Amino acid sequence: MSNEQIPQVSVLPSLRILYLSRILLEKPLLVGHSPYGERRIINIRGGAFDGPRLSGRVLSGGADWQIIRRDGVLELEARYTLETKDGALIYVFNRGLRHGPKEVMGRLSSGEEVDPKEYYFRTTPIFETGSPSYEWLNSIVSIAAGERRADEVLLTVYEVT
């Protein structure tokens, strides 16, 4: 089948800001080298989020389970809970990748503040809630751009429209 036979999609996705968040982190728990790579667990101690349609706080008790692969790419899988200002609870399952030049990643690991343009940090949050006010979150696709700091992560989350 040639490219000429493939119809072009007539609806192009765009991004709409969902919220900005600051997620406060504990020191990494270093599990060590496993068959999959270097395993780390980073507990979440709280935080906040703010956007045009929802805002509130990040509850403590979640965590980010990470593997640093042999090729240096960090795979992350975070699970945590958002509580909106009106009391609704939203479960977040967030998977993604962080990588960059070895020197840049070393600076990040040592707690140095690094310009997020120097490394790649993207995730795909999935939301789950029983709140009627926020049930629209259950059926959207979202992406996020991240910035890692010494004891926190900043995420800008977008809805793919």
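**The aromatic rings**

Mentor: Happy to! The structure holds two aromatic pairs; rings of Phe, Tyr and Trp (its six-membered ring) pair if their centres lie within 6.5 Å, and planes under 30 degrees apart count as stacked, over 60 as edge-to-face and the rest as tilted. This is a predicted model, where local features need pLDDT of at least 70 and side-chain atom pairs count only at pLDDT 80 or more, while totals for chains, interfaces and linings use all residues. Residues are numbered from 1 along each chain as its sequence is written, and side-chain values use heavy atoms, with hydrogens and water left out.

Let's start with Tyr 19 and Phe 127, an edge-to-face pair with 6.3 Å centre to centre and 70° between the planes. Tyr 19 belongs to strand 1 (residues 15–25) and Phe 127 to strand 8 (residues 120–128), so their pairing ties together parts that are 108 residues apart in sequence. Strands here are DSSP runs of E, at least two residues long, numbered from the N terminus.

Finally, look for charges over rings: NZ of Lys or CZ of Arg within 6 Å of the ring centre and within 35 degrees of the ring normal. Arg 98 lies over the face of Phe 121, 5.4 Å from the ring centre. Over the ring of Tyr 120 sits the charged end of Arg 122, at 5.2 Å from its centre.

Definitions and conventions. Helices (H or I, at least four residues) and strands (E, at least two) are DSSP runs, numbered from the N terminus.
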